[in-house]
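Biologist: Hi! Could you walk me through this model? I'd like to start with the loops.

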Amino acid sequence: MILVSACLAGLEVRYDGKHSLDNRIRTLVEEKQAVTICPEVLGGFSTPREPAEIIGGDGEDVLDGKAKVINKCGEDVTSLYLKGAYATLETAKNINATLVVLKENSPSCGSTMIYNGEFKGEKIPGNGVTSALLKRNGLRVISEEQFVENIQ
């Protein structure tokens, strides 16, 4: 079973209330080969919501208590990101996920790149909070871009 970011399956759960539909991923969900997840919604966020970025590191650093997730209004939303990450890990275990495909660049789901914490659209290498936690627990996490590369 594959666990996928809900926004990639066309669900409007992104911070801006939109989706990031990838038709191949939606087809996997329709064929019951994949299950959708949105760590931020599981963490307690509404849709839409203020954009957030990791300040002081990446998801690894958030898990280690060395960095925080701050929204554009300056609120510390780290606890909600952690709650969503742990709920996602539990879901991955419950469905025996063999692969997790998450939305790149997200402070939750980025698996190779995230925004740099300055809200200027600049990206840096790193994991989001959920990706970092899943990887620490031995799950294979890739981005939608890597997924497309692997199936062609």
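Modeller: Happy to, and bear in mind that this is a predicted model. Let's begin with Lys-32, which sits in the loop between α1 (23–30) and β2.

Biologist: What is phi of Lys-32 near?

Modeller: Phi there is near 60 degrees, a positive value in a residue other than glycine.

Biologist: And is Lys-32 buried or exposed?

Modeller: Lys-32 is exposed, as its relative accessible area is 66%.

Biologist: Which loop has Phe-119, and what about its phi?

Modeller: Phe-119 belongs to the loop between β6 (113–115) and β7 (123–125). Its phi is near 55 degrees, again a positive value in a residue other than glycine. With 24% relative accessibility, Phe-119 counts as partly exposed.

Biologist: Where is the cis peptide bond?

Modeller: Thr-47 and Pro-48 are joined by it, with omega about -5 degrees. Pro-48 is placed in the loop between α2 and β3.

Biologist: OK, switching to the sheet. What's the strand order?

Modeller: Four strands make an open sheet, ordered β2-β1-β5-β8, and the pairing is parallel. β2 (34–37) and β8 (141–143) are at the edges with a single partner strand each, so one side of each has no neighbour in the sheet. From one strand to the next, the twist averages 25 degrees.

Biologist: How many bridges join β1 to β5?

Modeller: There are 3 bridges between β1 (residues 2–5) and β5. Leu-3 stands opposite Val-100 in β5.

Biologist: Which strands does α5 touch?

Modeller: α5 packs on the sheet and touches β5 and β8; its direction makes about 170 degrees with that of β5.

Biologist: Now the inside. Which residues have the most contacts in the largest nonpolar core?

Modeller: That core has 25 residues, and those with the most contacts inside it are Ile-54, Val-69, Tyr-81, Val-100, Val-129 and Leu-134. β3 (52–55), α3 (59–63), α4 (78–94), β5 (99–102) and α5 (129–136) each supply at least two of its residues.

Biologist: What is Val-129 in contact with, beyond its neighbours within four places in sequence?

Modeller: Among its contacts are Ile-54, Val-62, Leu-63, Tyr-81 and Pro-107. There is also a second, separate core of 14 residues, including Cys-7, Leu-28, Ala-34 and Phe-147.

Biologist: Last topic: how much space lies in the largest pocket?

Modeller: About 480 Å³. The lining has 28 residues, and the closest to the pocket centre are Arg-14, Tyr-15, Ser-106, Pro-107 and Tyr-115. α2 (39–42) and β3 each supply at least two residues of that lining.

Key
Residues numbered from 1 in each chain as written. Predicted model: local features only at pLDDT ≥ 70, side-chain atom pairs only at ≥ 80, totals over all residues. Heavy atoms only, no water. Core = buried A, V, L, I, M, F, W, Y, C linked by side-chain atoms within 4.5 Å. Buried < 20%, exposed > 50% of the residue type's maximum accessible area, 1.4 Å probe, protein only. Contact = heavy atoms within 4.5 Å. Pairing = 2+ DSSP bridges. Axes fitted to C-alpha atoms, helices over the stretch in contact; angles between N-to-C directions. 1 Å grid on protein atoms, 1.4 Å probe; cavity = no way out; pocket = protein on both sides within 12 Å on 5 of 7 lines; lining within 4 Å. Points joined across faces, edges and corners; volume = space filled by probe spheres on them.
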